[in-house]
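Welcome! Take a moment to turn the model around on your screen, and then we will walk through some of its features together.

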Amino acid sequence: MSGETAMSGEIAGHGGVIHDLGYQHYDGPRLGRAAIIRALYWHSLRSAFGIGRGVRAKIVPILTFVLMCLPAVANAISAARGGGRIVPYDTYVFRLRGLVMVIFVAAQAPELVSRDLRSHVLPLYFCRPMRRLDYPLAKLAAFTVACLALIEIPLLLLYLGTIVSAGGGAAVWNQTKALIPGMLIGALWAVLFAAIGLALASLTGRRAYATGAIAIYFFLSWSLASILIGVTGGRSGPAASPLASRLAGLVSPPTVLEGVRQWLGGTSVSPVPRPGSVGVLYGVMFLLLLGASLGVLAARYRKAGA
């Protein structure tokens with residue numbers, strides 16, 4: 001008995017101590033689901049531009065933004081010397097825009113979602129008062145705004161550099177009417193690229209794999225569309241191209257967006273043939289690509305939150 005009593009006392013002495021670490025009970029307001037979504041959105045938007053991270057995280061956003069602004073700067077110099085606007089609002093510089101957007105999305109989309117997957121923090125998000133779809137929606141909204149900034153700010157610089165040298169209010173109004181469709185097309189670019197980029201990045205927690213998957217998809221599909229347009233005799237301008245050439249752009253997001261622009265009435269010269277009577281197919285393909293990307297995001301995070 002005396003041995004058992006001594007052992008019990010020894011266990012109690014070693015396991016019954018409570019240390020006061022100084023934590024205090026939170027008595028403030030519980031902000032709830034809306035505040036969590038806003039915080040997640042703001043954090044994701046900052047992450048898309050590398051804000052709050054090291055210098056290396058800011059290299060791609062800065063370089064892509066500078067590259068995207070170069071045509072606007074060149075246009076401002078031309079306008080200041082008495083020349084007209086040399087860069088269209090709706091296409092901007094199609095190949096440059098496509099290239100820069102692919103680089104930005106491939107580099108930054110994994111920054112928003114792959115890191116959380118790899119560090120297994122999603123259960124921490126979903127244990128709070130938020131629904132499973134709140135996470136991808138906040139990420140998508142933030143990344144769409146980031147893509148919008150990359151596309152629309154150069155357009156605004158292009159507009160400002162043009163109207164500074166414009167002669168009179170009528171010229172300024174003409175530039176404004178040309179700018180609005182260009183910004184609407186830019187919004188379509190931002191929404192589609194952000195959705196596709198996040199959908200592909202959400203499939204893996206390894207950033208290198210996500211970046212590779214996004215870059216390979218965009219570059220391969222774009223190269224395939226360009227090859228098909230070339231071998232089927234596609235040509236830009238008012239003359240009609242062969243049907244096969246007008247359908248070739250349906251295989252790649254950048255050429256789909258260019259087909260949608262022309263279908264909606266855009267007249268700027270483009271390397272993608274005018275779709276003509278099959279233009280509605282480009283609108284349908286845009287919706288299919290966007291719907292498929294949103295579906296992948298919803299399914300991915302419904303499963304992740306289970």
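Which residues do ring pairs link into a cluster? The cluster holds Phe94, Trp189, Phe193, Tyr217, Phe218 and Trp222. Keep in mind as you look that this is a predicted model.

## The whole chain

Let us step back for the overall picture. The protein chain has 11 helices and zero strands. Read from the N terminus on, its elements run α-α-α-α-α-α-α-α-α-α-α.

How much of the chain is buried? Of its 306 residues, 41% count as buried. The protein chain exposes about 16100 Å², and carbon and sulfur atoms supply 68% of that area. Contacts across the sequence are also worth a look: among those with a separation of 6 or more, 76% are between residues 24 or more positions apart.

## Aromatic rings around phenylalanine 94

Now back to the rings. A search of the whole structure finds eight aromatic pairs. In one of them, the ring centres of phenylalanine 94 and tryptophan 189 are 6.0 Å apart and the planes stand at 80 degrees, so this pair is edge-to-face. Phenylalanine 94 belongs to helix 4 and tryptophan 189 to helix 7 (residues 169–201), so the pair ties together parts that are 95 residues apart in sequence. Both phenylalanine 94 and tryptophan 189 are buried.

Phenylalanine 94 also pairs with tryptophan 222: their ring centres are 5.8 Å apart and their planes are at 75 degrees, so this pair is edge-to-face. Tryptophan 222 sits in helix 8 (residues 207–231) while phenylalanine 94 is in helix 4, so parts 128 residues apart in sequence are tied together. Are these two residues buried or exposed? Phenylalanine 94 counts as buried because its relative accessibility is 7%. Tryptophan 222 counts as buried because its relative accessibility is 11%.

## Serine 114 in helix 4

Stay with helix 4 (residues 94–119), where you will find serine 114. Why does serine 114 count as buried? Its relative accessibility is 0%, and the cut-off for buried is under 20%.

What does serine 114 touch, once its neighbours within four places in sequence are left aside? It is in contact with Ala201, Thr204, Gly205, Arg207 and Ala210.

## Helix 2 and its packing

Helix 2 (residues 32–48) has 17 residues. From its first C-alpha to its last it reaches 25 Å, close to the 24 Å expected at 1.5 Å a residue. After helix 2 comes glycine 50, whose phi is positive, near 75 degrees.

Which residues of helix 2 are buried? They are Ala35, Leu40, Ser44, Leu45, Ser47 and Ala48. These buried residues pack against helix 3 (56–80), helix 4, helix 5 (122–126) and helix 6 (134–163).

## The loop between helix 3 and helix 4

Tyrosine 92 has its place between helix 3 and helix 4. It has a positive phi of about 50 degrees although it is not a glycine. With a relative accessible area of 3%, tyrosine 92 is buried.

Glycine 84 lies in the loop between helix 3 and helix 4. It counts as partly exposed, at 47% relative accessibility. Leaving aside its neighbours within four places in sequence, glycine 84 is in contact with Asn75 and Ser78. How far apart are glycine 84 and threonine 162 in space? Their C-alpha atoms are 7.8 Å apart, while the two residues are 78 residues apart in sequence.

## A nonpolar patch on the surface

Finally, look at the outside. Ile62, Phe65, Val66, Leu67, Leu70, Ile153, Leu157 and Leu160 form a nonpolar patch on the surface, and together they have about 650 Å² of accessible area. Which elements give two or more residues to the patch? They are helix 3 and helix 6. Helix 3 gives the most, with five residues.

One member to pick out is leucine 160, found in helix 6. Leucine 160 is partly exposed, with a relative accessible area of 46%.

Methods: Residues numbered from 1 in each chain as written. Predicted model: local features only at pLDDT ≥ 70, side-chain atom pairs only at ≥ 80, totals over all residues. Heavy atoms only, no water. Helix = DSSP H or I, 4+ residues; strand = E, 2+ residues; numbered from the N terminus. Buried < 20%, exposed > 50% of the residue type's maximum accessible area, 1.4 Å probe, protein only. Contact = heavy atoms within 4.5 Å. Expected span 1.5 Å × (residues − 1). Patch = residues over 30% accessible without salt bridge, like charges linked within 9 Å, V, L, I, M, F, W, Y side chains within 5 Å. Areas by Shrake-Rupley, 256 points an atom, 1.4 Å probe, with all protein chains shown as cover. Salt bridge = Lys/Arg side-chain N within 4 Å of Asp/Glu carboxyl O. Phe/Tyr/Trp six-rings, centres within 6.5 Å; stacked < 30°, edge-to-face > 60°.
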